[in-house]
Amino acid sequence: MDKDEFDEKVLRLAEKYTLKQCVYCDPGTLVSVEGMLNFKCIKCGKTMKPELYLEEFVKIVSSYRKHLGIEDDF
């Protein structure tokens with residue numbers, strides 16, 4: 001993964017988080033789960049939580065660090 005690809009993945013994931021879209025699907029339209037604050041993807045059916053977006057950010061950063069030859073400390 002080069003720098004441009006890294007930037008693109010991070011920006012895309014940040015956009016999905018901001019627009020409340022599913023972290024896994026394209027398009028990842030979310031609907032409210034029966035009056036709750038949780039949202040569920042209409043495509044894959046997974047409930048989206050902020051932790052899932054954070055996990056995906058960590059995967060992207062870890063992959064980029066590996067590409068650069070930097071050992072993961074986290």
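This is a predicted model: local features need pLDDT of at least 70, side-chain atom pairs count only at pLDDT 80 or more; totals for chains, interfaces and linings use all residues.
Start with the aromatic rings. Across the whole structure, a search finds two aromatic pairs. One joins Phe6 and Tyr64. Their ring centres are 4.4 Å apart and their planes meet at 20 degrees, so this pair is stacked. Stacked requires planes under 30 degrees apart. The pair links distant parts of the chain. Phe6 sits in helix H1, residues 3–18, while Tyr64 sits in helix H2, 58 residues apart. Both Phe6 and Tyr64 are buried.

The other pair is Tyr17 with Tyr53. Here the ring centres lie 5.0 Å apart and the planes stand at 70 degrees, so the pair is edge-to-face. That label needs an angle over 60 degrees. This pair, too, links distant parts of the chain: Tyr17 belongs to helix H1 and Tyr53 to helix H2, 36 residues apart. Tyr17 has 44% relative accessibility and counts as partly exposed. Tyr53 has a relative accessible area of 5% and is buried.

Now turn to the pocket. The largest pocket has a volume of about 180 Å³. Tyr17 and Tyr53 are both among its lining residues. By class, the lining divides into seven nonpolar residues, one polar and two charged.

Next, the cysteines. How many disulfides does a search of the whole structure find? It finds zero. A disulfide needs the two sulfur atoms within 2.5 Å. Seen from Cys44, the closest cysteine sulfur is that of Cys25, at 3.7 Å. Their surroundings can be compared through accessibility. Cys25 is buried, with a relative accessible area of 10%. Cys44 is partly exposed, at 34%.

Is Glu56 buried or exposed? Glu56 counts as buried, because its relative accessibility is 16% and buried means under 20%. Leaving aside residues up to four places away in sequence, Glu56 touches Leu13, Val23 and Tyr24.

Tyr64 is in helix H2 and pairs with Phe6 of helix H1. Tyr53 is in helix H2 and pairs with Tyr17 of helix H1.

Conventions:
Residues are numbered from 1 along each chain as its sequence is written. Side-chain values use heavy atoms; hydrogens and water are left out. Buried means under 20% relative accessible area, exposed over 50%, partly exposed in between (1.4 Å probe, protein chains only). Contact means heavy atoms within 4.5 Å. On a 1 Å grid over the protein atoms alone, a cavity is a set of points where a 1.4 Å probe fits but cannot get out, and a pocket is an open set with protein on both sides within 12 Å along at least five of seven lines; lining residues have an atom within 4 Å of a point. Grid points are joined across faces, edges and corners, and a volume is the space filled by probe spheres set on the points. Ala, Val, Leu, Ile, Met, Phe, Trp, Tyr, Cys and Pro count as nonpolar, Asp, Glu, Lys and Arg as charged, and the others, Gly among them, as polar. Rings of Phe, Tyr and Trp (its six-membered ring) pair if their centres lie within 6.5 Å; planes under 30 degrees apart count as stacked, over 60 as edge-to-face and the rest as tilted. Helices (H or I, at least four residues) and strands (E, at least two) are DSSP runs, numbered from the N terminus.
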